[in-house]
Amino acid sequence: MLELDKIIQGDCLTVLRTLPDDCVDLIFTSPPYADNRKKTYKGIPTGRYVEWFLPISCELKRVLRPEGSFILNIKERAENGERQTYVLELILAMKKQGWLWTEEYIWHKKNCYPGKWPNRFRDSWERCLHFTKQKKFKMFQEAVMVPMGDWADKRLSKLSDTDKIRDESRVGSGFGKNVSNWLERQYAYPTNVLHMATECANRGHSASFPVSLPSWFIKLFTGERDVVLDPFIGSGTTALACSKLNRHYLGIEAMKHYSELACEAVEREGDGHKRTGSPDKQMSPRLL
Ligand SMILES: C[S@@+](CC[C@H](N)C(=O)[O-])C[C@H]1O[C@@H](n2cnc3c(N)ncnc32)[C@H](O)[C@@H]1O
């Protein structure tokens with residue numbers, strides 16, 4: 001029986017091949033961005049990126065439940081003064097593999113380092129590509145609603161006549177709004193741009209993302225005790241988010257040092273007591 005809530009040290013393709021079909025609800029991961037950090041962990045040349053990733057995404061598709069989601073946090077690097085195209089090529093190749101490219105979320109890194117480059121400005125965003133296996137998938141939109149904010153008090157305090165009816169777009173776009181619908185509402189749905197600071201604490205890994213990033217997607221695409229897989233788990237951030245949100249996790253990390261770091265982080269900062277002794281700590285037989 002496959003145990004949950006653990007970090008497996010090994011190559012993700014090899015480990016993924018040992019997992020049963022349809023066994024995870026969400027895959028959230030940030031793979032090496034080609035050879036961006038080849039000095040700290042193994043990189044992949046940009047020209048071979050798609051060919052390297054496709055066997056992995058094939059296995060990810062097999063282990064993801066039909067109504068599950070796959071969020072791929074990635075950004076194309078710039079080489080010789082030009083942005084490379086391997087992420088765009090990967091999206092097209094994954095569509096051919098049978099994935100639906102359902103949405104693209106933008107992670108705006110609101111505290112990115114200052115700096116100067118001769119041909120561009122500092123890079124303050126990354127992609128979070130949302131792939132699914134089918135059009136109908138699990139999504140809990142209410143779990144990520146945001147407070148309406150102060151503007152609502154002023155804007156909604158004096159409604160005009162047009163605010164009280166559906167006001168159709170004057171340019172014929174087909175869009176319209178009834179502002180009065182927002183009276184009394186405390187929360188609104190967010191956009192697909194996430195404004196989150198990068199990880200500021202030293203987690204012992206040069207590419208850790210903040211816990212807030214996987215947490216947001218975990219809340220959006222899973223329920224309590226669902227299973228989240230991160231096949232490139234690094235310092236264990238996704239596992240930590242799962243532990244705090246009462247979800248099961250499965251992490252894979254090639255480097256022994258990082259896998260140990262990840263286990264220590266969950267042990268130290270996680271909220272494991274919630275699941276200790278819970279009857280579904282191991283995958284139920286229906287998954288095997
Ligand atoms: C971008 S980092 C992930 C960082 C992570 N999100 C965090 O918050 O710490 C990518 C990780 O994938 C690992 N890795 C690279 N190739 C791998 C492979 N084939 N299988 C498993 N892990 C791999 C690297 O060692 C690195 O720790």
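**Note on the ligand site and a helix pair**

1. A polar side-chain atom of T237 sits 2.6 Å from an oxygen atom of the ligand. S235 also places a side-chain N or O atom 2.6 Å from a ligand oxygen atom. C12 uses its backbone: an N or O atom there lies 2.9 Å from a ligand nitrogen atom. A polar contact here is a pair of N or O atoms within 3.5 Å.

2. This is a predicted model; local features need pLDDT of at least 70, side-chain atom pairs count only at pLDDT 80 or more, and totals for chains, interfaces and linings use all residues. Residues are numbered from 1 along each chain as its sequence is written, and side-chain values use heavy atoms, with hydrogens and water left out.

3. Tyr and Cys count as nonpolar, and Gly as polar.

4. Now the helices (DSSP runs of H or I, at least four residues). Helix α2 (residues 49–63) packs on helix α3 (residues 86–96) at about 40 degrees, with axes 10 Å apart. Axes are lines fitted to C-alpha atoms over the stretch in contact; angles run from 0 to 180 degrees between N-to-C directions.

5. α2 brings Y49, V50, F53, L54 and S57 to the contact; α3 brings Y86, E89, L90, A93 and M94 (heavy atoms within 4.5 Å). Eight of these residues are nonpolar, one polar and one charged.

How values were computed
Polar contact = N/O pair within 3.5 Å; in protein donor to acceptor, adjacent residues only side chain to side chain. Helix = DSSP H or I, 4+ residues; strand = E, 2+ residues; numbered from the N terminus.
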